[in-house]
Amino acid sequence: MARLLVVQHCPTPRLVTLADAVLAGSRDPAIEGVEVVVRPALEATVDDVLAADAYLLGTSANLGYVSGALKHFFDSVYDDVREPTAKRPFSYWIRGGYDTTGAERAMESITTGLQWSLAAPPLVFTGDVEPHLAAATELGATMAALLMD
């Protein structure tokens, strides 16, 4: 069975709502043969990354960067997963209060270093979450569907 690893940092109710929409899409009943594994960014491990076939990353934009928790995740696994996971598909979502530019650059830089392959357009926005819930659900469903046999 294919495995989609969702690594996220959701410290606010808004981000929990966004993540719930992403997960609802990834767990759509029409998508078969895909296991969705969810890990908070501070708990995700090298083994989680190595065991996955694709990745979906979620974060807030904090002080112009990805969350400290997601950065810690990348710092913790980078060296051990860079070569064995090269070319694996991924996407992400970033929600910022005012600006996401630095967080987007960081995500692009880190995932380029990992040599992961962007498989679905990321969801990146500022402000209210509600107008973006359908796109979040679609992002989750797209990433999971890419892994179907």
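A crossing is left-handed if the near helix is turned anticlockwise from the far one by less than a right angle, and right-handed if clockwise. By that rule, α1 passes α5 in a right-handed crossing. This is a predicted model: local features need pLDDT of at least 70, side-chain atom pairs count only at pLDDT 80 or more, and totals for chains, interfaces and linings use all residues. Residues are numbered from 1 along each chain as its sequence is written, and side-chain values use heavy atoms, without hydrogens and water.

**Helix pair**

- The axes of α1 (residues 13-26) and α5 (residues 133-145) come within 6 Å and cross at roughly 40°.
- Axes are lines fitted to C-alpha atoms, for helices over the stretch in contact, and angles run from 0 to 180 degrees between N-to-C directions.
- Helices (H or I, at least four residues) and strands (E, at least two) are DSSP runs, numbered from the N terminus.

**Aromatic rings**

- The structure holds 4 aromatic pairs (ring centres of Phe, Tyr or Trp, its six-membered ring, within 6.5 Å; planes under 30 degrees apart are stacked, over 60 edge-to-face, the rest tilted).
- Tyrosine 55 and tryptophan 116 are stacked, with centres 4.2 Å apart and planes at 15°.
- Tyrosine 55 lies in strand β3 and tryptophan 116 in the loop between α4 and β6, so the pair ties together parts 61 residues apart in sequence.
- Phenylalanine 73 and phenylalanine 74 form a tilted pair, 5.2 Å centre to centre with 50° between the planes.
- Tyr55, Phe90, Tyr92 and Trp116 form one aromatic cluster.
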